[in-house]
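Subject: Structure handover

Hello,

Here is the structure I promised to pass on. Please open it first, then read my notes below.

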Amino acid sequence: MKVETRNSKLETGRSRPSRQPQTGDRKPTAIDYDHALAAARYVTKQGGITPRLGVILGSGLGEVVDRLENSRRLPYKSIPHFPRSTVAGHAGELALGHWRGMPTAMLCGRMHLYEGYTPSEVVLPARALALAGIEVLFVTCAAGGIGARCVPGSLMVFSDHLNYQGVNPLVGQEDERLGARFIDMTDAYDRALRSLARSAARKLGMKVSEGVYAGLLGPSFETPAEIRALQRLGADAVGMSTVLEVIAARQRAVRVLAVASITNRAAGLARERLSHQEVLEAGRQGARNLARLFDEVVAGL
Ligand code: HPA
């Protein structure tokens with residue numbers, strides 16, 4: 001009889017998601033800090049800069065990276081402990097360079113819980129940037145629009161979020177080197193940065209709303225009943241990412257500006273069915289606007 005042995009590749013935790021994340025699904029070890037610090041050291045050394053601004057780019061939003069001057073690209077697979085993104089439209093590389101003179105690190109491609117990554121794996125890149133020295137983090141994502149102003153092609157600045165992913169990256173053994181365990185989330189989305197984004201949108205004549213983002217696990221899109229429920233709970237947009245990275249960034253007191261590119265009306269709110277292709281295409285339009293909006297915000301930092 002063939003006996004299954006444990007797969008040593010899985011134990012490295014490097015390149016592939018291993019299992020469905022579950023609440024409390026954590027070994028009581030404090031390796032997250034060590035891994036994030038090793039990644040941070042590698043990135044600053046290879047990139048030759050100490051980033052002050054970090055950017056996380058979501059589905060189809062890779063165009064923002066063109067704003068970086070003299071960028072140096074590091075594939076995720078070359079960075080110690082970095083998981084690799086497995087989703088179409090996610091590049092899986094870290095770009096380092098200057099954005100209007102600001103030393104910047106951009107994560108092109110992110111890890112999602114729905115790929116099977118654990119919460120620790122999902123937030124490792126954000127933690128690495130925080131340990132590398134970023135003070136401000138721009139987070140982007142694709143999202144379905146629920147609020148009346150969240151129409152396809154528009155942008156929504158997060159004022160707050162609902163974490164319905166069922167997990168939290170701060171679960172597990174406490175490690176003070178990462179920050180406090182019970183962090184305040186009242187102003188998770190920095191008021192001054194939101195105000196800068198509003199001014200930038202006005203100046204550019206761009207349709208930008210502000211609202212609450214609901215982060216769900218995915219990967220199936222929501223049912224119309226779920227969208228109606230989220231609507232009653234105060235959600236303006238819905239997606240499958242962002243909230244865990246924001247929690248990890250706030251644990252390190254990094255100031256966050258998050259913007260969703262609205263790619264579709266959420267389920268049941270429009271006649272058409274939802275498709276990943278549609279999300280990617282509308283995302284490309286959104287990427288152009290996002291790049292212009294952030295360009296103005298960076299100038300005001
Ligand atoms: N739901 C969840 N995630 C999404 C959507 C959606 O409608 N559109 C883009 N990402």
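Thr 140 stands opposite Val 259 in strand β9. Val 157 also stands opposite Val 259. Strands here are DSSP E runs of at least two residues, helices are H or I runs of at least four, and both are numbered from the N terminus.

Before the rest, two notes on the source. This is a predicted model: local features need pLDDT of at least 70, side-chain atom pairs count only at pLDDT 80 or more, and totals for chains, interfaces and linings use all residues. Residues are numbered from 1 along each chain as its sequence is written.

**Around β9**

Strand β5 (residues 136–145) pairs with β9 in the parallel sense, over 10 bridges. Strand β6 (residues 155–164) runs antiparallel to β9, and three bridges join them. Strands count as paired if DSSP finds at least two bridges between them.

β9 spans residues 255–265, and nine of its 11 residues are buried, so the rest of the structure largely encloses it. Buried means 20 or more other C-beta atoms within 10 Å of the residue's own; exposed means 12 or fewer; partly exposed lies in between, with C-beta atoms placed from the backbone.

Arg 255 belongs to β9. Is Arg 255 buried or partly exposed? Arg 255 is partly exposed, because 19 other C-beta atoms lie within 10 Å. Neighbours within four places in sequence aside, Arg 255 contacts Glu 135, Val 136, Asp 190 and Leu 193. A contact means C-beta atoms, placed from the backbone, within 7 Å. Arg 255 and Leu 53 are 202 residues apart along the chain, yet their C-alpha atoms are separated by 9.7 Å.

**Around β4**

Strand β1 (residues 53–57) pairs with β4 in the parallel sense over five bridges. Strand β3 (residues 93–99) pairs with β4 in the antiparallel sense over seven bridges. Gly 97 has Thr 104 in β4 as its bridge partner. β3 and β4 form a hairpin with two residues between them, and Arg 100 in the turn has a positive phi of about 50°. β4 itself (residues 102–108) is mostly covered, with five of its seven residues buried.

**The core**

The largest nonpolar core has 88 residues; Met 106, Leu 137, Ala 237, Val 238 and Ala 260 touch the most other members. Helix α3 (residues 119–132) gives the most to this core, with nine residues. Such a core is a set of buried Ala, Val, Leu, Ile, Met, Phe, Trp, Tyr and Cys residues joined through C-beta atoms within 7 Å. Beyond its neighbours within four places in sequence, Met 106 has contacts that include Val 55, Leu 57 and Leu 94.

**Helix packing**

Helix α2 (residues 32–47) and α3 have axes that come within 8 Å and cross at roughly 55°. They are therefore oblique to each other. The contact includes His 35 and Ala 39 of α2, and Leu 124 and Ala 128 of α3. α3 and helix α6 (residues 243–251) pack at about 45°, with their axes 9 Å apart. Axes are lines fitted to C-alpha atoms over the stretch in contact, and angles run from 0 to 180 degrees between N-to-C directions. Under 35 degrees counts as roughly parallel, over 145 as roughly antiparallel, 65 to 115 as roughly perpendicular, and the rest as oblique.

**Overall**

The protein chain has seven helices and nine strands. Of its 301 residues, 48% count as buried.

Best wishes

Terms used:
Contact = placed C-beta atoms within 7 Å.
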